[in-house]
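Biologist: I am new to this structure and would enjoy a guided look. Please take me through it one question at a time.

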Protein chains: 2
Amino acid sequence: MAILKENGLKLTKRRKEILSFLIEENRYLSALDVFEFMSERYQGMSYDTVYRNLRDFSDLNLLEETEFHGEKKYRFSCNVNQDHHHHFICTVCGATKEINMCPMDMFKEQLPGCVIEGHRFEIFGKCENC
Amino acid sequence: MAILKENGLKLTKRRKEILSFLIEENRYLSALDVFEFMSERYQGMSYDTVYRNLRDFSDLNLLEETEFHGEKKYRFSCNVNQDHHHHFICTVCGATKEINMCPMDMFKEQLPGCVIEGHRFEIFGKCENC
DNA sequence: CTCCGTGCAAAGCGTTTGCACGGCG
DNA sequence: CGCCGTGCAAACGCTTTGCACGGAG
């Protein structure tokens, strides 16, 4: 949590709770998911605060951010493991499982003239609980 | 184009032009891209018509649909090659290059209890023209 | 001549922003 | 006590929908 202070962000109750919740849940959540959880604890909790904080956390690389295929909303998940990895993602509950294989390791530059800036590899499906 | 008729869609001038444009461009385009092109040909061309047709084409699997990472809008590209494949995608112009390697071939089910429903593998970067 | 396709307008959804108050440090 | 964080409200961008007219079959 020290990272927050280092970047000039104050350690408010709401921030702590949002982060704790994401760490505890350990899966991809929408802003609405977080908002609903927070609303149970703070009456009058506002959507904007959730968004702003998720955005701030994400900018500090505390979170992983993705969009499920065909969905237009952002999904956030707390990034404890800083190593490069990919995910199996449950499209029902957002649960993730780390996949250590990276297709880029197998993929030897067959793109003459192109500058590779990033990649994305995600497996979607239903986890054992859904 | 016969597919349209088979599914009860009429062959209108706008439809033909939208499809031709997508085939000719051979890259991921936003609805706005298509709208702007169409507007040059038909004054009074409406956004809704573009959307409706892109949606219809996509539902008939005539198009590939994706969202660039961090973008909230849909991108469409005409799917001539029906074989399973992945893409290098230029984040500037939307140009694509087919990648024949599929990471799922290397990936032997290490996800006990999970039902795999789909996957996504995309490489992002700049193409030789951008 | 009958429907489907279209343009127009408005609504919808998720997200972002401006402003003034309130609480952390 | 200064400034960042927050709630409220409104705006935003992209997409979708309802309705009545117009064109394809």
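**Protein and DNA, then chain A**

Biologist: How far does an N or O atom in the side chain of Ser46(B) lie from a phosphate oxygen of DNA strand C?

Modeller: In this predicted model, the two atoms make a polar contact, meaning a pair of N or O atoms within 3.5 Å (within protein, one must be able to donate a hydrogen and the other to accept it, and residues adjacent in sequence count only if both atoms are side-chain atoms). From the Ser46(B) side chain to the phosphate oxygen of DNA strand C, the distance is 3.2 Å.

Biologist: Which residue places a backbone N or O atom 3.2 Å from a phosphate oxygen of DNA strand C?

Modeller: Asn53(B) reaches a phosphate oxygen of DNA strand C at 3.2 Å, but with a polar atom of its side chain. The backbone N or O atom at 3.2 Å from such an oxygen belongs to Leu11(A).

Biologist: What share of the DNA strand C atoms within 4 Å of the protein are sugar and phosphate?

Modeller: A residue counts as near a strand if one of its heavy atoms lies within 4 Å of it. There are 22 residues around DNA strand C, and Tyr51(A), Tyr74(A), Arg15(B), Asp48(B) and Thr49(B) come nearest. Of the atoms of DNA strand C that come within 4 Å of the protein, the sugar and phosphate share is 69%.

Biologist: How many charged residues does the surface near DNA strand C hold?

Modeller: Here Ala, Val, Leu, Ile, Met, Phe, Trp, Tyr, Cys and Pro count as nonpolar, Asp, Glu, Lys and Arg as charged, and the others, Gly among them, as polar. The surface has six nonpolar and five polar residues, and the charged ones number 11.

Biologist: Which side chain has a polar atom 2.4 Å from a base nitrogen of DNA strand D?

Modeller: Around DNA strand D there are 23 residues, with Arg15(A), Asp48(A), Thr49(A), Tyr51(B) and Tyr74(B) nearest. Arg15(A) has a polar side-chain atom 2.5 Å from a phosphate oxygen, and Ser46(A) has one 3.2 Å from a phosphate oxygen. The side chain 2.4 Å from a base nitrogen is that of Asp48(A).

Biologist: Which helix gives the most residues to the surface near DNA strand D?

Modeller: Helices (H or I, at least four residues) and strands (E, at least two) are DSSP runs, numbered from the N terminus. Helix H2 (13–25) and H4 of chain A, together with H4 of chain B, each supply at least two residues here. With five residues, the helix that gives the most is H4(B).

Biologist: Are the residues of strand S4 in chain A buried or exposed?

Modeller: Buried means under 20% relative accessible area, exposed over 50%, and partly exposed in between (1.4 Å probe, protein chains only). His86(A), Phe88(A) and Cys90(A) point one way from S4(A), and His87(A) and Ile89(A) the other way. Five of the five residues in S4 (residues 86–90) are buried.

Biologist: Which residue of S6(A) is the bridge partner of His87(A)?

Modeller: Two strands pair if DSSP finds at least two bridges between them. S4(A) pairs with S5 (residues 96–99) of chain A in the antiparallel sense over four bridges, and there His87(A) has Glu98(A) as its partner. Four bridges also join S4(A) to S6 (residues 115–126), running parallel. In S6(A), the partner of His87(A) is Glu122(A).

Biologist: What is the order of the open sheet of three strands in chain A?

Modeller: Strands S1 (29–30) and S2 (63–66) are the edges, each pairing on one side only. Two bridges join S1(A) to S3 (residues 75–78) in an antiparallel run, where Ser30(A) stands opposite Arg75(A). With antiparallel pairing, the order is S1-S3-S2.

Biologist: Stepping back, how much of chain A is made up of buried residues?

Modeller: Chain A has five helices and six strands, and its C-alpha trace spans about 55 × 40 × 25 Å along its principal axes. Among its 130 residues, the buried share is 45%.

Key
Residues numbered from 1 in each chain as written. Chains lettered and ligands numbered in written order. Predicted model: local features only at pLDDT ≥ 70, side-chain atom pairs only at ≥ 80, totals over all residues. Heavy atoms only, no water.
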